[in-house]
Amino acid sequence: MTTAGVLVAMSAGTAVAEGGGRADPQPGAPGIGDPYYPLDGNGGYDVRHYRLDLRYDPATDVLDGTATITAQATQALSRFDLDFQGLEVRSVTVGGRAATWTWEGQELVVTPAHPLREGRRFTVEVVYDGVPQTLTDELGGSGFFHTDDGAVVAGQPHGAATWFPANDHPRDAASIDVSVTVPEGLEGVSNGVLSGSWTADGWTTWSWSAEEPMATYLVTLAVGEFDLREYEAGGIAFWDAVDPDLATLDLDPETEGPSAGAVADAALARQPEVIEAASGWFGPYPFTAAGAIVDDAPDLGFALETQTRPVYASSFFTDAVTAESVVVHELAHQWYGD
C-alpha cells in the first residue's frame, strides 16, 4: 500500500491523506461531543451567523420561519446535521442550490448538491413552519412557551432547536439577527439592539440585531402585548419589555403591597446601577445592549440569562428583595455564563 492511499483519522470524523493529499468528504458528526447530551450540537462546521426571518400568529400558534445560517466547514463534508425538532421543513438550500434532507430522530441531515471542502464558508437556508412545542423533562418546562397573547422563549439547555435549526450547543456561539412579524398591536422582542419596526397590512415587523456571539440557548423571542421601554445609561442601550398584566397582578394576596408590575418596574430601574457595580467587580460590561423581558406566563417558572435581555417569570416580583436579587443574578450571568 502506498502512503498516498493511507488515511489518518482526525477529530470529529475529519480525515487527511498522508503526504498532504486532500481528504475525502465525510459526514459531519451528529453530536458535538457533550457527555450529557450526546446529540446536542454537530460536528464538521462552525456557525458564524444566524439570520431568522419569522412570522408568528398567536391566534393559531403557527410559526413561519426562514433561517439563514452562515458557517465554515471544519472538515471536508459530504453531509451535515442541524439540530431541529417538531416543525415541518419546506425547503433547504446550501450555497443557493437545492439540497436534500432527511430526518434521523431530532437531527435534520442535510446533503448539499456538492460536497463542501474543509475551510469553505457556506450558507444554509431552511424554510419551515409549524407549532413549536414546549420541552418537558424532570426539571420542568423549557424552550418555547405559548402564552395567552403570544409566546416567550427560554431555551436552556437545548430549546433553540424547537423554533429554529441550529448547531444547538454552547460550544458554537454565533451572532444573530432576528426579524419577527406579528399582528399589529403586539410587540416582538429578541436579543441585542432594535434595528427598527414597521407596520403594513395589519402586521408589524420588529428587527433585532446581536453582533456579539452567543450560544443558541441564549437566543430569546417574546411576542405579545408588552410595555416596551427604551433608554440609555452608561453608554449601554436598554430595552425592557414588561407584560402590562403585571400592573394588576397581586402575587402575594395576604399583603397590601404594590402590584407585581410596580415591583418589577422598581427592580428593573436599578439595572444600570447593577451593571455599573458589576463592571467594577468583573470588568467592562461585555455587550452594547441590556434589558429584560417580564411575561405573565403561568408555565414559565424560572428566569434565564438570555444574552442582553434576561427573561423573568412574573413570580419573582412579589417583593423588592426577591425582585432585585434575581435581577442581580441574571445580570451577573452576562459576564459568567453567557
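Biologist: At its relative accessibility, does Asp129 count as buried or exposed?

Modeller: A residue is buried under 20% relative accessible area, exposed over 50% and partly exposed in between (1.4 Å probe, protein chains only). Asp129 has 17% relative accessibility, so this residue counts as buried. Keep in mind that the model is predicted, that local features need pLDDT of at least 70 and side-chain atom pairs pLDDT 80 or more, while totals for chains, interfaces and linings use all residues. Residues are numbered from 1 along each chain as its sequence is written, and side-chain values use heavy atoms, leaving out hydrogens and water.

Biologist: Which side chain does Asp129 meet in a salt bridge?

Modeller: A salt bridge is a side-chain nitrogen of Lys or Arg within 4 Å of a carboxyl oxygen of Asp or Glu. Here the partner of Asp129 is Arg90, with 2.8 Å from N to O. This pair links distant parts of the chain, since Asp129 lies in strand 11 (residues 121–130) and Arg90 in strand 7 (residues 88–94), 39 residues apart. Strands (E, at least two residues) and helices (H or I, at least four) are DSSP runs, numbered from the N terminus.

Biologist: How many salt bridges does the structure hold?

Modeller: There are seven salt bridges, and one of them joins the side chains of Arg229 and Asp265 at 2.7 Å, N to O. Arg229 belongs to strand 20 (residues 227–233) and Asp265 to helix 1 (residues 260–268), 36 residues apart, so this pair too links distant parts of the chain. Through shared partners, salt bridges join Asp227, Arg229 and Asp265 into one network.

Biologist: In what order do the four strands of the open sheet lie?

Modeller: Strands pair if DSSP finds at least two bridges between them. The order in this open sheet is 20-21-22-23, with mixed pairing. Strand 20 and strand 23 (311–313) stand at the edges with a single partner strand each, so one side of each has no neighbour in the sheet. Ignoring direction, neighbouring strands are turned by 15° against each other on average.

Biologist: Which helix packs on the sheet?

Modeller: Helix 2 (residues 271–282) does, touching strand 20, strand 21 (236–242) and strand 22, and its direction makes about 135° with that of strand 21. Contact means heavy atoms within 4.5 Å, and angles run from 0 to 180 degrees between N-to-C directions of axes fitted to C-alpha atoms, for helices over the stretch in contact.
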